[in-house]
Structures are given as structure tokens and as C-alpha cells.
Amino acid sequence: MDIVKTVTDWPVIVQGALGSALFWAILEIGQRSVRKFAERVGRDKKTANWFALAAHEASGEAGAQARFICLYGAMHYALKGLVITVLSWAVSPLLDIFAAAGYLIAAYFFFRALAFVPHTASLGPIAERRQRFKESIAEMKSRQDKEQDATKNAP
């Protein structure tokens with residue numbers, strides 16, 4: 001509390017500048033954090049949607065592997081949500097605010113788990129799904145060929 005007393009003894013103009021600098025720092029850190037978070041969630045959702053599409057459109061071993069990866073991804077986030085729910089429940093008698101925050105975080109993880117098992121209607125009509133899957137496979141093959149060529153040509 002000595003810091004607060006020291007700051008309140010400073011001139012008002014200095015206090016205002018300090019408050020503005022603090023506000024700017026919090027705003028900047030918050031914006032960068034949100035951008036990183038949104039970028040990561042977007043990447044994860046794109047990956048989850050591709051595996052869900054592959055689970056529906058691939059056949060044989062590849063389809064089974066895609067379904068397994070979808071279930072693994074969903075279980076990964078569901079278990080995180082379950083652990084946080086239990087910890088929040090355990091902390092709730094002591095601090096209600098931490099329990100409430102924990103429940104919100106658990107809800108986030110449960111929704112992330114749902115992203116790995118989207119409903120088939122969300123993937124679009126069957127013909128469009130198949131075309132998108134074929135295009136993504138062709139794109140991956142061309143990317144893989146380019147990478148192999150680059151490694152062969154590397155010194």
C-alpha cells in the first residue's frame with residue numbers, strides 16, 4: 001500500500017500520465033493477446049473441420065484414422081473441461097469468483113471439443129463436401145511434392 005500512498009503524493013499531472021500509460025499498456029497487451037488467441041482458435045478450427053471432412057469423405061483406413069483423430073481431439077478438450085469443472089467445484093466453497101471463472105473456462109473447453117465433431121450439415125451438401133475434400137488432398141500432394149523437390153535441390 002506504500003506504492004499507492006507514494007503515487008497519490010505526486011502531482012496530478014504525473015498521476016494522469018501514469019494512468020494513461022498504464023491504460024495504454026493494458027490495452028496493447030490485451031489486443032495482442034486477443035489476436036494470438038483468435039489466430040490459434042482459427043487454426044485449430046480449420047484443422048478440426050478438415051479432419052471432420054476427412055472422417056466423412058475418406059474411406060477405409062484413412063477414414064478410420066480421421067475419425068480417431070476427431071475423437072481424440074474432442075476427448076482432449078473434453079477432459080480439460082472436466083478437470084477444470086472439478087477443480088472449480090472444489091474451490092467453490094472457498095472463493096466463488098474463481099469457481100465462476102473456472103466454469104466459464106470449462107465451457108470454453110467443452111465448446112472446443114464440439115468443434116472436432118461438427119454436425120454433417122455444417123460441412124455442406126454432399127457433392128460440395130466431396131469436391132472440397134478432393135481439392136484439399138490435391139493441394140496437400142502438390143505441397144508435399146514441392147517440399148520434396150526443395151529438399152532434393154538443397155545443398
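**Briefing on the model**

A25 has a relative accessible area of 27% and is therefore partly exposed. This residue belongs to helix α2. The model in view is a predicted one, and its secondary structure consists of five helices and zero strands. The points below proceed from the whole chain to its cores and then to individual residues.

**Overall form**

- Followed along the sequence, the elements of the protein give the pattern α-α-α-α-α.
- The radius of gyration of the protein is 24 Å, whereas a compact globule of 155 residues would have one near 15 Å.
- Along the principal axes, the C-alpha atoms occupy a box of roughly 75 × 50 × 35 Å.

**Surface and charge**

- The protein has an accessible surface of about 11,900 Å², and carbon and sulfur atoms account for 69% of that surface.
- Buried residues amount to 19% of the 155 residues in the protein.
- There are 19 positive and 14 negative side chains in the protein. The centres of these two sets are 4 Å apart.

**Nonpolar cores**

- The largest nonpolar core has eight residues, namely A52, L53, A54, A55, A58, A66, C70 and F133.
- Two elements, α2 (12-57) and α3 (60-91), each give two or more residues to this core.
- Helix α2 provides the largest share of the core, with four residues.
- Another core, of six residues, lies apart from the largest one. Its members include A48, Y77, A113 and F116.

**Residues in helix α2**

- Which residues does W50 contact, leaving aside its neighbours within four places in sequence? They are F133, S136, I137 and M140.
- One of these contacts of W50, F133, is also a member of the largest nonpolar core.
- The C-alpha atoms of W50 and S142 are separated by 17 Å, although the two residues are 92 residues apart along the chain.

**Residues in helix α3**

- A78 lies in helix α3. Its relative accessible area is 22%, and A78 is therefore partly exposed.
- When residues up to four places away in sequence are not counted, A78 touches F110 and A113. Of this pair, A113 is also listed among the residues of the six-residue core.
- A78 and A138 are 60 residues apart along the chain, with a separation of 33 Å between their C-alpha atoms.
- S88 is another residue found in helix α3. Is S88 buried or exposed? With a relative accessibility of 5%, S88 counts as buried, because buried means under 20% relative accessible area.
- Leaving aside neighbours within four places in sequence, S88 is in contact with F98, A99, G102 and Y103.

Conventions. Residues are numbered from 1 along each chain as its sequence is written. This is a predicted model: local features need pLDDT of at least 70, side-chain atom pairs count only at pLDDT 80 or more; totals for chains, interfaces and linings use all residues. Side-chain values use heavy atoms; hydrogens and water are left out. A nonpolar core is a set of buried Ala, Val, Leu, Ile, Met, Phe, Trp, Tyr and Cys residues joined through side-chain atoms within 4.5 Å. Buried means under 20% relative accessible area, exposed over 50%, partly exposed in between (1.4 Å probe, protein chains only). Contact means heavy atoms within 4.5 Å. The radius of gyration is taken over C-alpha atoms; the globule rule is 2.2 Å times the number of residues to the power 0.38. Accessible areas come from the Shrake-Rupley method with a 1.4 Å probe; for residues, only the protein chains shown count as cover. Lys and Arg count as positive and Asp and Glu as negative; His and the chain ends are not counted. The place of a charge is taken as NZ of Lys, CZ of Arg, CG of Asp or CD of Glu.
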